[in-house]
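Me: I would like a close look at one part of this model. Please keep the explanation plain.

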Amino acid sequence: MANGRTRAVSRRAGGGFSRALIVTGAAILAVVALAALAAPLISGWGPEEIDANATLAGPGGAHPLGTDTNGMDIWSRLLYAARLDLGVAVAAVALAVVAGTALGLLAGYLGGWVDDVLMRIVDIFQAFPTFILALAVAALLGNGTVNLVITIAAVNAPAYARLVRAEVRSIRELPFVDASITSGASTLGVLWRHVLPNSLTPVRVIAPLNCGWAMLTLAGLSFLGLGVTVPGAEWGAMISLGSPDVVAGRWWTSVPPGLALLVCVLGFSLLGEGLQERADRRRTS
Amino acid sequence: MRLLRFVARRLLQVVPVLLGVVVLTFVLVRVLPGDPIRTILGPNATEADAAAARARFGLDKPMWQQFLDYLKGLVTGDFGTSIQSGAPVGSELALRVGPTLELVVLAVGLALVVAVVLGVWSARRADRFGDHSVRILALVGNSMPEFWLGLVLILVGYSALGWFPAPSGRVDPDTDLTPLTGADLVDAILTANGPAFTSALSHLALPVATLAIVVVAPLLRSVRASALEVLRSEAYLAATTHGLRPRTLLRGYLLRPALVRLPALAALVFGTAIGSTVLIEYVYSWQGFGQWALRGLLYRDYPVVQASVLLIALGYVLVFLIADVVHAVLDPRVRI
Amino acid sequence: MSDLLSIEDLSVLIRRPGRDVAALSGVDLRVDAGEVVGLVGESGGGKSMVARAIVALLPGGAETGGAVRFEGADVLAMDEAALATHRGHGAALCFQNPRGALSPTRTVGRQLTDRLTTHQKLDREAARQLFEAVGIRNPARRLDAYPHELSGGMAQRVMISLATGCAPGLLVADEPTTGLDVTLTREILRQFRHAADTDGRGVLLISHDLASIASVCDRVAVLYAGTVVESGPAAKVLREPAHPYTRALLASVPDVSGRPARAIGGAMPLLSSPPAACPFAPRCAHATGECTASRPALAGDGWQYACFHPRSGPAAAAPPPAAEKRPATGRVVMEIDDAHVVYGSRFGSGGHHALRGVSLQVRAGETVGVVGESGCGKSTLARLMLGLAAPSSGTVRLAGTDPHAQRGRKLRRLRTKARLVFQDPVGSLSPRRTVADAIGEPLRALGVPAAERAERVAEVLARMHLDPTMLRRRPHELSGGQAQRVGIARALVGDPDLIVFDEPTSALDVTVQAQILDVIAELAGDASRGSVFISHDLATVRGFCDRVVVLYLGRIVEQGPVEEVFGNPRHPYTRALLSSAPSLDGGTAGGPQRAEPRVELAKDLDEADAATGCPLAARCPFVTDECRAQAQPLVAYGASEAACWRVPQIPALIREGAQTRA
């Protein structure tokens, strides 16, 4: 039986890449978040301010990244959009995690008919590709930031419920749960003190990846006109507005917002991948 | 025999899920805000016009009556009439599925091949430069907004280089392609129409590439992960220490155990691909199922929404069923 | 010299950012053709590293010194092409966990023919013969089996056939019998002896348990902290070891003859550089300044040891005079009456019948040992006593109350009266809770205020000889021995009426096992509490139990005072268990009646689940039609009870059997 401290050492060994992933991902996200907060300081225009003299102006001069068909400054909108995109994604995932975990915990620990009913509902949700589901829910709920958060959360919660349930069901069988029960702990005590903290391990890894996905979903919905609508500043909506220009070769209306989106989602992906690798290393060593 | 019983049992389990889907979509489209009649009639219509239109589509009946009619129709294969176009939903659907399947099947197939080759290659070089590059690329693919990627490809492939046709159709109309299945490439082969085949292929190139790039990323990551797991397993170590030939090792001891999980992954990715096609069809003006369903959703075209939701659920569930069967065939440990 | 394998001054240093590990430091080892050599030591001692070095498959970041010569060529200097033939055809490894080492998606027949065609240009027929040779019944059918369809013993045989299928000069087996029961262990070890004797292969047997492999070995080498501390003829090293570590290792294992385990303190160090002194010195009772100043070299001819102060004489001390076991008179703390437990039969039919009518009483001040092979129902019995499993019929009374008639707070309070010490010490502690939290949990349930809780936790921790700084640690920061002490502390803290020890040492290293057994023996003497000690190992139970219960397939087949059951076993199953238990004399004859011929059971059968008649009928050498037809109740024979009607005839039957064989 290797002693704990040496295992900690071997964990760090060879984990250079995962650390690089985590650090890079976190750095990207920090920069984006800072830029979003500092938007008024580093941009010359308001997000919905129209420069009537310059519609579809190319990059340079007063508009570093040019303007769109409405004469709004792309660079400013890019920065302000980060607020909305990041905010909605993180809020939606947080909501999904809380709701999904609660349901999964209940289903997994109680079992029986509670489990059956909850899991059949999850089945119905999971009978659809998530983006399709998001489309349908968004179309039904209508626009609005709060509605978008609810939409994206609702679409993701079932996956968390299933994940946590599976985790709970295997943790229930582990000796330390028996140990706690025979120590006279109450069901709620066992759940709260032992089952919940241990069942959240995979959630921690998946949540960042999921944030990235949530951003893509939000942008995709807006692109189709089901999310944020112009003049609201959101990357997907900006790409949508700029998409007709592409055939004419005008790149600056749609390429920059897409790039911003890509970089931001990549930040989450790097972070998630790094966490995943670290978790795997921990499990196997 | 056991396999058949397994399939039958799984199909039975599918029934309640589909029934739930049918009921839920039926109720939700009607309960939530939005009125299809108003959207087709326009702002100048009177109440009387609206009532007449409602009666025409049977929307004036009580909800349970509508539901029974709908169920009755479903059993006989009648999906109702589109409120927007007035055409039968079933025949519209038949026209739209082919083009989308063509896109999805080609992209997923391409992605599977690339993912397996690159994933195994990457796993065998774990934690070296090549592996790291592949993983970063996969992460970029994973983070890619597909609709934006489509635009960028159009920008480069059509606007700048002019190598590919404009994103406004699926085949050059001058080639006189006789539609049979709706999938132009297949139709061109079936009618031995050479020019149509090349035209369809060049129209397909960019959308398929777009979809394949987004789809390959998650597949690649999973293939790499399971190949790596096998490479680090004691079973592989044992085979190595017993000096087996590299070919035997690769085929019998690496690929087979690493790829048993591929069917389930492919099914999952198939779902993602269907979601992405809605966006990609929009970008490339691809007259497929996704565009059709999206329009139905936006205009609250009840029969269209119900039919497309049901079709997606059914397709998704069937794909998973097929994946499970393939998995059971590949993996002796699976009991069915 | 006709050395097949000769390891000369081998050192392996694994460089890792943060910390280096000196896995092996100057190891010398030799294996000749036709010879079985044992390599023994506790985990972390470097045994597996030796195996990996032999096939040049060292982990990343490993730096090597010295040489591994195989038929004269240095394996560590071989190129890829030479290695390809060396691996398998030169030296072939048998893995510790055979089921994990078999590829899950290929039939075992294919896996064997892969080896045969690579190294010998042989085909399926040869594979069938090889399966037959390692004792697989129905070999033709088994060839088409997948690894998950094999039992543990079968998988180990397949693994051996795979290794021998490469036609290696040297067969290396890493812990080939861990996890197998005694009968199978002997059978598997015989296969290795056979490989050496008939095929002239060299065999290197790696094990943590010297006593179990010594019988088949010609020579053994003992590894400690990456160094060979002693090597020599098996009989010599086993009976009169010279190195204090070898002696400690042997003394740590309790013996069926009743010799208790003697513990040495401390644990094996994990070195970051080759040791400059004797690595065992900090734990050694005979260490002097010399031992901590310089490292003794391996010296001697044939029998070598690395020690400045070698011991002499037999290692095993004579069994102490049996302590007078007083019949327990305390109050009854646990009473089970005719309990049946059936698992997983939701629809009335099928289901696994884990216990079939077990009755048991435990009094305060008494320690009851429960013994049986895996699958006999002993863990179910533990769960039953703790109220974790409900009896399908029959009653369980803990401190006079039926836990299954209680609910809510009352049930939770009652539960704290019986405590369980788990087999997996680390796994029984919640990974995200501190040690203080874990030990204090029963007190929390009893509503003890936080200040008093901390006090009592500290108290019980001291009793377990654990440092108070331990309280803030989490389970993954504990060693196995420490974790088990925490587990015992947690059981002890609420002053329970009953403690059930469910194989508390089987997951631990040998010298640590002895330490934990010491702790348990100390507690077992407590008059206010009853204890139940569950084990698959007879020897462990003998040390400190008052009574023994032998379980077989969910039934009690024999029970009685410990000296009586060991000294004068009645039931054929108990006799068989005793005669197959390994002992330090190199043989496996057990108990005081060494002279008495052994009782052997038929190999374990899949269908050995008799609903009527004696459960042992399918395996018993003395079976008659009456055994098959009649259920066997426990009948008193002298001081003990056995569930067998033929008990009075058995001694005669054994003598007859011995004569006909001779």
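What volume does the second largest pocket have, and which residues lie nearest its centre?

Reply: The model is a predicted one. Its second largest pocket has a volume of about 800 Å³. The lining of this pocket consists of 37 residues. Nearest the centre lie Phe128(A) and Ile132(A) from chain A, along with Ser308(B), Val309(B) and Ile312(B) from chain B. Several elements give two or more residues to the lining. In chain A these are α5 (112–125) and α6 (130–141). In chain B they are α1 (2–31), α5 (89–124), α12 (262–283), α13 (289–298) and α14 (302–330).

For chain B, an unreviewed UniProt entry places the feature "domain: ABC transmembrane type-1" at residues 97–323. Over that stretch chain B is 78% helix and 0% strand, with its end C-alpha atoms 21 Å apart. For chain A, an unreviewed UniProt entry gives the feature "transmembrane region" at several spans, including residues 20–42, 131–154 and 213–231. Residues 20–42 of chain A are 96% helix and 0% strand, and the end C-alpha atoms of the span lie 29 Å apart. Residues 213–231 of chain A are 58% helix and 0% strand, with end C-alpha atoms 24 Å apart.

Chain A also carries a nonpolar surface patch of about 330 Å², made by Leu95(A), Leu141(A), Val146(A) and Ile150(A). Of these, Ile150(A) is found in helix α7 (residues 145–172). Ile150(A) counts as partly exposed because its relative accessibility is 38%, and partly exposed covers the range between under 20% for buried and over 50% for exposed.

Key
Residues numbered from 1 in each chain as written. Chains lettered and ligands numbered in written order. Predicted model: local features only at pLDDT ≥ 70, side-chain atom pairs only at ≥ 80, totals over all residues. Heavy atoms only, no water. Patch = residues over 30% accessible without salt bridge, like charges linked within 9 Å, V, L, I, M, F, W, Y side chains within 5 Å. Areas by Shrake-Rupley, 256 points an atom, 1.4 Å probe, with all protein chains shown as cover. Salt bridge = Lys/Arg side-chain N within 4 Å of Asp/Glu carboxyl O. Helix = DSSP H or I, 4+ residues; strand = E, 2+ residues; numbered from the N terminus. Buried < 20%, exposed > 50% of the residue type's maximum accessible area, 1.4 Å probe, protein only. UniProt positions renumbered as here; feature names shortened; annotations may be inferred. 1 Å grid on protein atoms, 1.4 Å probe; cavity = no way out; pocket = protein on both sides within 12 Å on 5 of 7 lines; lining within 4 Å. Points joined across faces, edges and corners; volume = space filled by probe spheres on them.
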